[in-house]
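I opened the notebook to look up charged pairs and a metal site. My entries follow the order in which I checked them.

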Amino acid sequence: MALTIAPADPARPNFGGIVTGIDLRLPLTQAEVAAIDAGMDHYAVLAFPNQPISDDEQLAFSRNFGPLEQATGDIVQGAARRLRMELNDISNLDREGRIRALDDRARLFGLGNRLWHSDSSFKAIPAKYSLLSARKIPDRGGDTQFADMRAAWDTLDPATQSEIRNYVCDHSQLYSRGVLGFDFTDEDRIRWAPVQQRLVRRHPVTGRLSLFLSSHAGTIHGLPIPEARSLLRDLVEHATQRERVHTHKWRLHDLVMWDNRTTMHRATNAPPDQVRDMRRTTIESESSTMQQVA
Ligand code: OGA
Ligand code: MN
C-alpha cells in the first residue's frame, strides 16, 4: 500500500496529518522521505499510527530527515540516564523502570513540557523536527497539543507584525522551568545560559513566516523585562486560541512528528501513578534563526 497522508481533522485541512501505508521499521525510499518532508511542510504535524518500533528503528527512521540532536537539555545526564544520548527521555520512569515519586527532581523538571514551547529553542541551533514514539501510555490524560505558528503570524494585525518583525529574544530553560518555580543548581545556571533567537522566522522551504515563541523565551532585546514578558504572554495567548490548536490523543505505538519551526506544543496532565513512556528523537535546524536575514 502506498504512503498516504490525510488531514487528521477534515475541518482543518492544513494542520495535522495522518500517515498510513508505511512501516517505520523498514528502510525508506527517497520518494517516501520526500513525501514525508512535503507532508511536514504542509501539515506541520504528522501522526503515524500503529508503529511498534525499537530505539534503533526510531533512530534509523529519524536520520532520514537530518542530523540528530543529543539530549543535552534533559536534566538527567551521565550514568543515571535510562536512554542513550540520541533519545530524549519523555517518561516518568527512572533508570530501573520505576515510576518517579511526586517530588522527584527529574519529574518536576519534566512538568516544564506542560508549558507551550518549541523544542530546543534554548539551543543556539534549535530543533527542526521532533519525533515522539509512544511505548507505554496511561489509560487517560497525557494528550499532546500543537499550535500552528504560521497561522499565528498570518492572523496578527499589521501594526503588531511590523512592531515585532525584527525582535530578538533570549531563550533558556532557566526561564521556562523558572515559571514553574523549579530550583536550579549553579551548574544548571551555567549549562543553560540564554541563547538568542528571532521572534519571527522564515521557513527555509515554504518561505512562510511564523512566530517563534516558546516558554523558554524570557526577554526581548531592547525592551524592559516586564514589557517583554507581557508582550510574549499576549502573543502566546493569540497563538494558542482553540481554532489554531490540534490535540493528539495517543494510542499505543503512535509516532508523532512535528516541525518546531512552525509549531509550539505542550503535554497535558497525566496520572502520576501510571507509566507514560515516550521517547523523542530530534533533528537539528539548518542554522540559528539569528543567521536568517531580517
Ligand atoms: C516533547 C514534549 C509533550 C508530551 O516530547 O518534546 O514536549 O506530551 N512532549 O509528552
Ligand atoms: Mn517538547
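Are Asp148 and Arg150 buried or exposed? I found both Asp148 and Arg150 buried, where buried means under 20% relative accessible area, exposed over 50% and partly exposed in between, with a 1.4 Å probe and protein chains only. The two form a salt bridge, with the closest N and O atoms 3.0 Å apart. I took a salt bridge as a side-chain nitrogen of Lys or Arg within 4 Å of a carboxyl oxygen of Asp or Glu.

Ground rules, noted once. This is a predicted model, in which local features need pLDDT of at least 70, side-chain atom pairs count only at pLDDT 80 or more, and totals for chains, interfaces and linings use all residues. Residues are numbered from 1 along each chain as its sequence is written, chains are lettered from A and ligands numbered from 1 in the order in which they are written, and side-chain values use heavy atoms, leaving out hydrogens and water.

Next I looked at the salt bridges as a set. The count comes to 21 salt bridges. Shared partners join Asp55, Arg82, Asp89, Arg135, Asp277 and Arg279 into one network. I also noted Arg81 with Asp74, whose closest N and O atoms are 3.0 Å apart; both residues are buried.

Then I turned to Asp119, which has a salt bridge to Arg280 at 3.4 Å between the closest N and O atoms. Asp119 sits in the loop between helix H3 (105–110) and strand E5 (127–136), and Arg280 in strand E15 (residues 277–284), so the pair ties together parts 161 residues apart in sequence. Helices (H or I, at least four residues) and strands (E, at least two) are DSSP runs, numbered from the N terminus. Asp119 is buried because its relative accessibility is 3%, and Arg280 is buried at 8%.

Which residues coordinate the manganese ion (ligand 2)? I listed His117 (NE2), Asp119 (OD) and His265 (NE2), at 2.1 Å. Donors are N, O and S atoms within 2.8 Å of the metal (3.2 Å for Na, K and Ca); water is not among the atoms, so sites may look incomplete. Along the chain the donors follow the spacing H-x1-D-x145-H. His117, in the loop between H3 and E5, and His265, in strand E14 (residues 263–267), are 148 residues apart. Both are buried.

Last, I checked Asp41, in helix H1 (residues 30–43). Leaving aside neighbours within four places in sequence, Asp41 is in contact (heavy atoms within 4.5 Å) with Tyr129, Arg150, His203, Val205 and Thr206.
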